[in-house]
Amino acid sequence: MISTPEVSLDIGAIQSADAANQQLNAVALTDATASITARGGYKPSNPPKMIIMFDGVCNVCDTFVHFVYPRDVNKKFSFQALQTTKGREIQNYYGVPTDLSTVILIDEETATYTSKSTAVLRIMYHLQSPYSYLYQFHYLPAFFRDFCYSTFARYRYLLMGKKDTLKGLNNGVAITPPMGWNTWNHFGCDTSEINSQLIYETATAMVTSGMAAVGYEYINLDDCWLAKERDADGRLQADPIRFPQGIAPLADYVHSLGLKMGIYEDVGNLTCGGYPGSENYFEIDMKTFAEWGMDYVKMDGCYFPVDDMEETYTQLSEILNATGRPMVYSCSWPTYAFVNNQTVNFTYIGEICNLWREFDDIRDNFDSWTGILDQMMQYNRAPYASPGHWNDPDMLEIGNGGQTTAEYQSFFSLWSIIAAPLIAGNDIRNMSADIINILTNADIIAVDQDALGIQGQRAYQSGTSEVWTRPLVGGAIAAVLFNRGEQPATIELTSDILQVSSNSQFLMRDLWQKTAPTQVFQGSSSFSNIDAHAVIMLKLSPITGSFGFILPQLRLCMFKSATIIDHSIGPFTLNYLTCVSYRTS
């Protein structure tokens, strides 16, 4: 039973304080505007944007940023943490008081800012319908609005069964599963291939192939980029022959293309490939990565005891945050625990890592990745995925030559259904048209990147016939009809499989055939002649009812000691253990 402290409300005092705060803010804004051109450091965006600033320990910020970011279709907003160097520059530039520690909205065009609930509601105003209608609450009396906001902020963790403490992970990145490329699956530890030229050419290819246009952004160096020794100051250094200018210039080039760069290290004294590891050097190594401009850090676990990994990966999370540079944090602890038959707390993993490997390394064959899917279901990992926190079944093998086009399409479809990071592992400088078409299918990618951040699961299995489903924004559903057998198959999709009323109607669209959504699903539909190892992937969009609106889905989520009902208005990062969906018909 949760008890909430009683609050006595002095209306007159709150009104007076609110008026005084508005006057102080007006004075600060006037001073800031008068000297805005004289300040150095931060430069406004071009074109100007709305900047959402949030403090790492703000009780409502992580949820709110996750709620806004996926709906920012026109890139109107940028995001920054107050406690970073850049965050402080922005505060100083616009005259934002340094004692503010909640959501702040800055309008670069007018050099004005708002904070607390006013900022929240004005951000709502710029979002897609129906979220803009929530802006109506802006017209509540300011004192009452701020009282409601501060009360919610103060007791949010209590109500949701979360601890009001800062773990390591509060970096605001990986709101949707990361998309990019990594050296390992294709090049392994081949030092004749892993060099600066490979990175320059691959970054260029990511743009020219169309991959960047559909969301791929990370260019990630895996193992074997290092020199065999640290420098005289104990810092990591790249192999001087293969990377003669070091890593920072590579990152500069990658960034110049609008992309981001990632890097690999190991928590042990050596990497898996035998190069210097980060053990005893965590702070200096993470600081080095930040100085080089890294945006993604993958930390492996070779040559390190599994029993010590919880403490070490937690420590690394905190160190990465302390650098002040937001970097995606990829953890390998669960994989090493898995192969050593040890269990881990995945709720805790989600608090310290953006994504985490958890099963055996993938190989370029059908049995490998389907086996990982079976493990994902067997160990019920789906509930731990949410915006900013993702199960990582391993990187893609699409285009490495070990499978058929149909198998690669199935692979891509199922990775998207389970909200997996889409990290290409082929040589994207040399791709066939079929491989490009698979990796750049924007409709499939949209399922993977869906803003709700709910991992899909296998909803039906009969022999070698399977149906995998995933709930999407707006009450839509993605479904993959998967034939794992060696002969063509017929698979029936039913309302029971989709867990919807038999009266519910949906428009169906085939995401590989790219057909217009004209066929109506109600009750059941049968799909015949699905080839061996192939899929049909559908998006089912609810048909508007006679009253002109879509009836909502309710989700009942059980927390450690509390129950929350979510009306599916946003992708809240709650790390719930189990959820049950209810749909009205």
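Which handedness does the crossing of α13 and α14 have, left-handed or right-handed? The crossing of α13 and α14 is left-handed; the word applies if the near helix is turned anticlockwise from the far one by less than a right angle, while clockwise makes a crossing right-handed. We'll come back to this pair after a quick look at the whole chain.

A word on where the values come from: this is a predicted model, in which local features need pLDDT of at least 70 and side-chain atom pairs count only at pLDDT 80 or more, while totals for chains, interfaces and linings use all residues. Residues are numbered from 1 along each chain as its sequence is written, and side-chain values use heavy atoms, with hydrogens and water left out.

**The whole chain**

The protein chain holds 17 helices and 23 strands. Helices (H or I, at least four residues) and strands (E, at least two) are DSSP runs, numbered from the N terminus. Of the chain's 585 residues, 54% count as buried. Buried means under 20% relative accessible area, exposed means over 50%, and partly exposed is in between (1.4 Å probe, protein chains only). Now for contacts, meaning heavy atoms within 4.5 Å: among those between residues at least 6 apart in sequence, 70% join residues at least 24 apart.

**Two helix pairs**

Two packed helices are described by the angle between their axes and the distance between the axes. Axes here are lines fitted to C-alpha atoms, for helices over the stretch in contact, and angles run from 0 to 180 degrees between N-to-C directions.

| Helix pair | Angle | Distance between axes |
|---|---|---|
| α13 (residues 366–378) and α14 (residues 405–417) | about 20° | 11 Å |
| α7 (residues 196–208) and α8 (residues 248–256) | about 10° | 10 Å |

Given that angle, α13 and α14 are roughly parallel to each other. The cut-offs are simple: angles under 35 degrees count as roughly parallel, over 145 as roughly antiparallel, 65 to 115 as roughly perpendicular and the rest as oblique. On the α13 side, the contact is made by Phe 366, Trp 369, Ile 372 and Leu 373, and α14 brings Glu 407, Ser 410, Phe 411, Leu 414 and Trp 415. Sorted by type, the residues of this contact are seven nonpolar, one polar and one charged. For that sorting, Ala, Val, Leu, Ile, Met, Phe, Trp, Tyr, Cys and Pro count as nonpolar, Asp, Glu, Lys and Arg as charged, and the others, Gly among them, as polar.

Helices α7 and α8 are roughly parallel to each other too. Here Ser 196, Ile 199, Tyr 200, Ala 203 and Thr 204 of α7 meet Pro 249, Leu 250, Tyr 253 and Val 254 of α8. That contact divides into seven nonpolar, two polar and no charged residues.

Helix α14 has 13 residues and spans 18 Å from its first C-alpha to its last, close to the 18 Å expected at 1.5 Å a residue. The expected span is 1.5 Å times one less than the number of residues. Ten of the 13 residues of α14 are buried, so this helix is largely enclosed by the rest of the structure. The buried ones include Tyr 408, Phe 412 and Ile 417. Just after α14, Ala 419 takes a positive phi of about 55°.

Helix α10 (residues 309–322) has 14 residues and reaches 20 Å from end to end, first C-alpha to last, close to the 20 Å expected. Among its buried residues are Met 309, Tyr 313, Leu 316 and Ile 319. The buried residues of α10 pack against α9 (282–292), β8 (296–300), β9 (328–331), α11 (333–339) and α12 (346–352). Past the end of α10, Gly 324 has a positive phi of about 85°.

Most residues other than glycine have a negative phi, and most peptide bonds are trans. With that in mind, have a look at Cys 224, whose phi is positive, near 80°. Cys 224 sits in the loop between β6 (218–220) and α8, and is buried, with a relative accessible area of 0%. Asn 280 also has a positive phi, about 70°, in the loop between β7 (260–266) and α9. Asn 280 is exposed, with a relative accessible area of 72%.

Then there's the cis peptide bond joining Asn 46 and Pro 47, with omega about 5°. Pro 47 lies in the loop between α1 (11–34) and β1 (50–54).
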